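The exercises below go through one structure step by step. Try each task before reading its solution.

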Amino acid sequence: MVSQRRDAAIVGIHEYPKRKAPGVTPLQIKAECAARALADAGLSWSDVDGLYDAQDGAGMSGLSLAEYFGLKPNVIDTTAVGGSSYEFHAAHARRAIAAGKCRVALLTYGSTAHSDMWRIGSMGGGAGAGAASPLSNMTDPWGMTLIANYAMVAQRHMYQYSTTSEQLARISVATRAHAMRNPEAVQAMTDLQFVGVNEISVEDVLNSRMIADPLHLLECCMVSDGGGAVVIASADVARDCRKKPVWIIGSGEATKYSENGGDLTVSAAAQSGPQAWAEAGIGPGEIDIAMIYDSFTITVLMMLEDLGFCGKGEGGAYVSEQRLRWDSPLKPALNTDGGGLSSNHPGMRGLFLLMEATRQLRGESTSQREGARLAIAHGNGGMLATSHTGGTIILAGD
Amino acid sequence: MDRPQPRFPEPDTEPFWDATKEHKLMYQVDRDTGDVVFFPRAHNPKNGSRNLEWRESKGEGTVYTYSVVRLNRHPAFAPLGAYAVAYVDLDEGFRMLTNIVGVADPTRDISIGQRVKVQWEDQSSGISLPMFAPA
């Protein structure tokens, strides 16, 4: 193993427990989670000197958020690259801490997408708001929903590699099994009126309604309310925190978009993954826990390939083995909190990936993998077929 | 209700949409390198050059990928029932987002690699939307 840098660690987390939160604002969710995550770390409000925000709090970004919180940070970072923003923030916080620019970084997320009736996946073609752009002018008229955007990638993956819906469905089956062990996820599915709050089979997924061919309803994430906070601290601060630190040992960031003649079955993870592995000095075979952004089944399958867990095009066979479950003898376990498919997806899931990876490396998950030592959190932001970002974070237990 | 329309002023894509009024499908080429540029822009994304020219496509290509949308709550699309969105690779070397039309059942009659040809759907705004039907 090459020498690993342990400059910064996740020391505090809090996931907002409710997925249906009428009457609460995203900013209130962010502030409540911030206080609880700091308490989890044994730190106080005034310790925060780095503030990270993906501009999710009702139009208030860095400038206004600092005022709302009542903080005077030395570092403000408002990188907003969709659902992977929080992996980018974790990478940036680690660098800022290593450079001595801050010691305690706070990442927060809050959304009331469910209560606001925000039809994230099924309102294709043009909000008609904001300034016209070349991209909006070349996409809006044809009515591509967000789900269809991902579905076009799945269709191409099936064509190139003979991937099947049965194989993709196994991702939904494994994450639902994990969700049923997570009381907050069970409550989420109950509150959001899932048809069956129970474990599901491959047949259940294939028999669920087709939303955009080839993606079925049970291959699509939920639209919930929710949020959370993550506190990242320097090594000297981390040593005195309440819980054992979870070290950030590698990171990678990348962008990918549709190009003339390009291959849509390769995601930004193929660029962000190698950066992170090289920095961490480890490989996919050593990872115990894979927290991969499951907006849709195809997202997970493709990112497992692109991150090197299996070869390109081999994802279908890979997920068909009984390896994704928390209690499988094979590594890695996937999305042990229940994922976006069955636990929590208020629009941008990246922060939850960091939180569940942290729980696993602390031994606190509701589907705890025994002896979990290394985890990866990979966020995917934006639209898989048109343009998206990939943010990879590799974490190690103390 | 009309589909969402391209909005102007938007100088990068306005020439493309102007040409659709005469049912012409236009793309750009770098005069020095021959690179095909699409979506329309004032520069070549491979090298930053602004020495581009517009050319007319024959409007023939193959389906790169597609999806049949079964659920779109947007009022312009909801009444369509199941309809197909697709990326089509034009023979001149550019890939565009579009719809596949002219098939009896989009869930059965479309496939990757299928040959398609442009078909125009005039809009009340004056522009015309390029869509594709089996060739």
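**Exercise 1. Confidence**

What pLDDT does chain B average, and what share of the residues score at least 70?

Solution. The model is predicted. Chain B has an average pLDDT of 96, and 100% of the residues reach a score of at least 70. For the complex, the predictor gives an ipTM of 0.97 and a pTM of 0.97.

**Exercise 2. The sheet of chain A**

Find the order of the strands in the open sheet of chain A, and explain which strands stand at the edges.

Solution. 
1. The open sheet has 10 strands in the order 3-2-4-7-1-8-12-11-9-10, and the pairing is mixed.
2. Strand 3 (75-77) and strand 10 (333-334) of chain A each have a single partner strand, so one side of each is left without a neighbour in the sheet.

**Exercise 3. Strand 12 of chain A**

Describe how strand 12 of chain A is joined to strand 8 and strand 11 of chain A.

Solution. 
1. Strand 8 (residues 246-257) of chain A runs antiparallel to strand 12 of chain A, and 10 bridges join them. In this pair, A:Ser251 stands opposite A:Ile393.
2. Strand 11 (residues 374-382) of chain A pairs with strand 12 of chain A over nine bridges, again in the antiparallel sense. Here A:Gly382 stands opposite A:His388.
3. Strand 11 and strand 12 of chain A form a hairpin, with four residues between them.
4. Of the 10 residues in strand 12 (residues 387-396) of chain A, nine are buried, and the strand is mostly covered.

**Exercise 4. A polar pair in chain B**

Is B:Asn99 buried or exposed, and which side chain does its own side chain join in a polar contact?

Solution. 
1. B:Asn99 is found in strand 6 (residues 95-100) of chain B. Its relative accessibility is 2%, so B:Asn99 counts as buried.
2. The side chains of B:Asn99 and B:Arg3 are joined by a polar contact of 2.8 Å.
3. B:Arg3 is placed in the segment before helix 1 (14-20) of chain B. At 11% relative accessibility, which is under 20%, B:Arg3 counts as buried too.
4. Beyond neighbours within four places in sequence, the contacts of B:Asn99 include A:Trp142, B:Tyr83 and B:Phe132.

**Exercise 5. Backbone exceptions**

Which peptide bond is cis at A:Pro332, and what is the phi of A:Asn335?

Solution. 
1. Most residues other than glycine have a negative phi, and most peptide bonds are trans.
2. The bond from A:Lys331 to A:Pro332 is cis, with omega near -15 degrees. A:Pro332 lies in the loop between helix 12 (315-320) and strand 10 of chain A.
3. A:Asn335, not a glycine, has a positive phi of about 40 degrees. With 0% relative accessibility, A:Asn335 counts as buried.
4. A:Gln193 also has a positive phi, about 60 degrees, but at 68% relative accessibility A:Gln193 counts as exposed.

Note on methods
Residues numbered from 1 in each chain as written. Chains lettered and ligands numbered in written order. Predicted model: local features only at pLDDT ≥ 70, side-chain atom pairs only at ≥ 80, totals over all residues. Heavy atoms only, no water. pLDDT = per-residue confidence, 0-100. Helix = DSSP H or I, 4+ residues; strand = E, 2+ residues; numbered from the N terminus. Buried < 20%, exposed > 50% of the residue type's maximum accessible area, 1.4 Å probe, protein only. Polar contact = N/O pair within 3.5 Å; in protein donor to acceptor, adjacent residues only side chain to side chain. Contact = heavy atoms within 4.5 Å. Pairing = 2+ DSSP bridges.
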